[in-house]
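Trainee: I am new to this structure. Please pick one part and take me through it closely, then connect it to the rest.

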Amino acid sequence: IEVHVCMGTAGVASGGDAVMAALTGEFEKRGLTNTGVKERNCKTKQTGCRGLCARDVLIDVYIPGQGPITYEHVTAEMVPTIVEEHIVGGEIVAKWAAKKDYFEFYDKQKRYVLNDCGKVDPDSLEDYIAHGGYDALKKSLKMTSEEVIDEVKKSGLRGRGGGGFPTGLKWTFCRNSPGDLKYLICNADEGDPGAFMDRSIIEGNPHAVIEGMLIAAYAIGCKEGYIYCRAEYPLAIKRVKKALVDAEKAGYLGDNVLGSGFEFHLKLKEGAGAFVCGEETALIASIEGERGMPRSRPPFPAVKGLWQKPSNVNNVETFANLPVIILNGAEWYANIGTEKSKGTKIFALSGKVKSTGLIEVPMGISVRELIFEVGGGIPKKRKFKAVQLGGPSGGCLTEAHLDTRIDYDSLIAAGAMMGSGGVVVLDETNCMVNVAQFFLTFTQRESCGKCIPCRVGTKTMLDILDRITSGKGREGDIERLESLATDIKISSLCGLGQTAPNPILTTIRYFRDEYEAHIFKQK
Ligand code: SF4
């Protein structure tokens with residue numbers, strides 16, 4: 001009998017440690033550990049996030065011959081009853097067991113990349129291997145590097161960090177750059193408000209990211225790699241550190257990976273939490289010990305990146321897709337999603353939605369299905385107003401866009417973007433001007449200051465928004481915002497500045513009346 005306890009950040013924050021301690025104590029007190037009889041031997045296992053963070057602490061009770069039974073909002077005080085009635089007595093404690101709405105959260109999802117998140121112990125290499133871990137690496141090592149790249153190209157995988165650039169093609173640029181030493185970098189510097197996909201993947205299944213990086217390194221010809229993870233993710237850092245040590249000891253990393261002759265060394269680099277370090281040239285500068293500021297391109301990192309050597313940067317989710325693609329084949333993967341956006345996408349669903357959490361859905365699902373079926377709709381019987389997709393660089397979509405398909409191109413056509421996957425739902429009580437102000441405050445604060453359009457332009461826009469929201473708006477402010485936004489988008493050096501005006505532009509486009517109400521109604 002095994003009881004899995006959610007020990008991702010949300011699980012721990014909700015009291016996962018206390019639940020784990022209560023379970024262990026209860027099993028020992030009742031003599032249910034080391035009984036010598038498999039059916040009566042009780043064990044606990046920590047897992048990462050299984051998705052529905054809003055219901056933590058979640059536990060799954062596995063009794064041989066039965067499917068898992070999930071309990072929601074578990075506290076240490078509930079543990080003796082669950083052990084007494086369910087584990088010893090065989091009767092599910094129905095009042096605390098997950099009900100229909102819990103399972104509805106998963107109905108429309110396709111959890112391939114997240115399949116083992118919430119099932120494996122993230123601190124155990126043995127458990128990862130028991131779930132088929134590193135089989136994709138072994139399969140890759142039997143292929144040529146070109147065959148691995150071809151497989152990834154055929155799968156149609158596009159970068160999950162926001163840009164959506166075809167992954168296999170990106171690898172080819174780095175592979176074809178001359179040089180013996182090439183670097184592979186995992187961008188785990190997720191910093192958008194409302195985004196926690198990468199953190200949850202690393203916390204829940206760190207070896208999947210390492211395995212994905214090994215596959216990419218083998219395909220591109222990289223000998224050295226870095227995982228660049230923001231220091232504000234202490235649990236992810238702790239888990240990935242242990243995973244790196246364990247993988248190296250077991251021969252998955254090092255001079256001669258699994259005796260194949262392939263060499264790959266992987267290190268962790270902790271970032272100090274600047275949003276701009278998610279931009280790949282700023283990230284590279286930060287690893288080099290420089291201030292994290294974007295650099296002009298060309299030269300592109302594939303030609304001259306880290307320490308002036310050819311480098312390839314992909315984000316956590318992109319790497320976590322690779323074992324799935326290699327094991328199941330490009331054709332299988334390419335059958336999921338839409339014509340130009342293949343596979344699944346992981347989103348962090350938050351805001352005014354009933355079921356907040358981590359979800360994985362096939363590309364092509366509609367915004368409506370995402371919010372009302374997976375997310376369960378808007379709580380407190382309120383009306384849906386808008387959804388901010390793609391974080392502070394993305395845009396707001398309204399009720400009129402609920403049937404928009406979630407894929408790279410449809411979202412851009414609708415004025416939003418996939419971004420890395422933050423989805424913040426807003427209801428009728430949210431003021432859209434305040435929402436725009438919130439996101440611009442964030443990007444303005446995170447501007448590195450290197451180029452004037454972003455440094456001065458976003459500050460000027462924020463000053464206008466501040467005066468509008470404080471009742472001092474002037475006639476012509478909306479047009480000033482639009483004009484500045486267009487200039488900043490065109491002339492900023494990096495993606496932060498180029499996309500910072502998006503929330504303002506889309507809220508003006510769809511909620512101009514709210515700006516006008518702020519400016520004119522108080523006159
Ligand atoms: Fe820095 Fe902003 Fe310019 Fe990017 S656009 S380089 S964040 S000032």
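**Where domain 2 meets domain 4**

Mentor: 13 residues of domain 2 are in contact with 10 residues of domain 4, contact meaning heavy atoms within 4.5 Å. This is a predicted model, in which local features need pLDDT of at least 70 and side-chain atom pairs count only at pLDDT 80 or more, while totals for chains, interfaces and linings use all residues. Residues are numbered from 1 along each chain as its sequence is written, and side-chain values use heavy atoms, with hydrogens and water left out.

The protein chain is divided into domain 1 (2-101), domain 2 (125-333), domain 3 (344-427) and domain 4 (432-520), with bounds that come from an automatic or database domain assignment. Taken over C-alpha atoms, the centres of domain 2 and domain 4 are 34 Å apart.

The size of an interface is often given as the accessible area lost when the parts come together. Domain 2 and domain 4 bury about 930 Å² between them, and 76% of that is on carbon and sulfur atoms. Buried area here is the accessible area (1.4 Å probe) that two parts lose on being put together, summed over both. On the domain 2 side, Pro-193, Phe-275 and Pro-294 lose the most area to domain 4, together 52% of what that side buries.

Between the two domains there are zero salt bridges, a salt bridge being a side-chain nitrogen of Lys or Arg within 4 Å of a carboxyl oxygen of Asp or Glu. Two residue pairs are in polar contact, both at pLDDT 80 or more. A polar contact is a pair of N or O atoms within 3.5 Å; within protein, one must be able to donate a hydrogen and the other to accept it, and residues adjacent in sequence count only if both atoms are side-chain atoms.

Leaving aside its neighbours within four places in sequence, Thr-443 is in contact with Phe-275, Pro-392, Leu-496 and Ala-500. Thr-443 counts as buried because its relative accessibility is 1%. The classes are buried (under 20% relative accessible area), exposed (over 50%) and partly exposed (in between), with a 1.4 Å probe and protein chains only.

Next comes the loop between helix H12 (280-287) and strand E8 (311-315), where Pro-298 is placed. Most residues other than glycine have a negative phi, and most peptide bonds are trans. In contrast, the bond joining Arg-297 and Pro-298 is cis, with omega about -5°. The loop between H12 and E8 also holds Trp-307, whose phi is positive, near 50°. Trp-307 counts as partly exposed because its relative accessibility is 37%. Gln-308, found in that loop too, has a positive phi of about 70° although it is not a glycine.

For the rest of the chain, look at strand E1. Four of the five residues of E1 (residues 2-6) are buried, so this strand is largely enclosed by the rest of the structure. E1 pairs with E2 in the parallel sense over five bridges, where two strands pair if DSSP finds at least two bridges between them. Val-5 stands opposite Gln-46 in E2. With E3 the pairing of E1 is antiparallel, over four bridges, and Glu-2 has Tyr-62 in E3 as its bridge partner. The loop between E2 (43-47) and E3 (59-62) contains Val-57, and the peptide bond from Asp-56 to Val-57 is cis, with omega near 5°.

Technical notes: Helices (H or I, at least four residues) and strands (E, at least two) are DSSP runs, numbered from the N terminus.
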